Amino acid sequence: MTPRTNHPPRSGSSIVADEGAVEKLVSENMGWLRGYVRGRIGDPEAIHDVLQETFLKAIRALPGLVDASTFPAWLYRIAENTIRDHVRRKVRNRGKLVFTDALDELRSPRDGEAAAESRELAEKLLAAIRDLPERYREPLLLRHSRDLPYAEIGRILGITEKTVQVRIFRARKMLQKRLRPAGDG
Amino acid sequence: MHCKKAEFWISIRIDGEAIPERDAEALEAHLAACAACSRILGEGEIRARALGAYLGGGETQPLERAVMAGVRSREAQGWPDSRLPVSLERPAAPYRRAAYALAALLVVGALVFFGLDLVSDPSNDMAGIRGARLIYQRDDLRREIVPSPDGSPLEKQVLEMRQIILSPTEDEGSWGRKPFEDEQRHLMQTRLQKFVDHTYY
């Protein structure tokens, strides 16, 4: 799934005057951005707040966007700043950052054993991913947030597709090492 | 294909991205023969599925509706949030501290540059000369000029020194002494006089 639109380049100011177009932008970009924010912060309430704040900031500043096709990259940068602000506030308020990963919406009573195992594995992986250096963490999270293709990840992060390939590969190698049971290899 | 290269292509295969035909064939052959790489592929696919389900799962419509409701509410109030547009938001603390330090340096630099003599004693017009280091600088060449013990006649000493400069010789990497041309001498004397007048008198 890709957030990139196939429309000819349009300016942000022409979009902001058209509620249907704003709604379309939100709908096209919500899936991958929610996945990314989930990957970065575990608290479900905070995820909602960060997403809301990110979109509102982006839409408010939309008239300043020259080419609306760059919206995903722009949105990503706003989200990243909002996440950092959130983390700073959280650290300041509590003195300690705790990732709960308590995603209620993913924990329905109908969850089978396989789903529970998969969720447990994802939480373990995310804990390790959050410790990766930013340059490796970002493309990996974007990749698994609605399966963004490498080309799109490159556009969002402002790097080449080849660099995305290499960083994701290195990120996985680092994860393999970190998740390897003690005494294995 | 060796395992290291195979692992690179395995990562790309897990993501369903295109692999050049020759590499894809070589990877398949390697996987058929290498249990360790097959295991890496299997584990990678399980992890990718788990992450994809976790990060991408759930409906997005409620969030989209909430965002649009927020947009409409802000529009109705004329975007009362007085924050600046994103690009003009207050920078993070480390950037602010760096900016303050730079501003302080600029102020001190400007004070010194525009004539604040921090060395000399106004009651003795030679004190500044005795206490100061005179540095002659031209391009990337820098030399210190040492005044005579009584501090005079400084201009003469410096002007004489100006008549000889260090210049690159034919042999790159070494330096030789070369007299000033007349035109250069005149230019340097004028500049030096301005420098001396400005700094010490």
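**Exercise 1: two helices in chain B**

The axes of H1(B) and H3(B) come within 10 Å and cross at roughly 25° (axes are lines fitted to C-alpha atoms, for helices over the stretch in contact, with angles from 0 to 180 degrees between N-to-C directions; helices are DSSP runs of H or I, at least four residues, numbered from the N terminus). Work out how H1(B) is oriented relative to H3(B).

Solution. Angles under 35 degrees count as roughly parallel, so H1(B) is roughly parallel to H3(B). Before going on, note that this is a predicted model, where local features need pLDDT of at least 70, side-chain atom pairs count only at pLDDT 80 or more, and totals for chains, interfaces and linings use all residues. Residues are numbered from 1 along each chain as its sequence is written, while chains are lettered from A and ligands numbered from 1 in the order in which they are written.

Next, find the residues: H1(B) contributes B:Ile10 and B:Ile14, among others, and H3(B) contributes residues including B:Leu41 and B:Gly44 (contact means C-beta atoms, placed from the backbone, within 7 Å).

**Exercise 2: where the chains meet**

Find which helix of chain B gives the most to the side that touches chain A.

Solution. Start with the totals: 30 residues of chain B are in contact with 39 residues of chain A. Then list the elements giving two or more residues on the chain B side: helix H1 (3-14), helix H3 (35-56) and helix H4 (61-76) of chain B. H3(B) gives the most, with ten residues.

Methods: Two residues are in contact if their C-beta atoms, placed from the backbone, lie within 7 Å. Angles under 35 degrees count as roughly parallel, over 145 as roughly antiparallel, 65 to 115 as roughly perpendicular and the rest as oblique.
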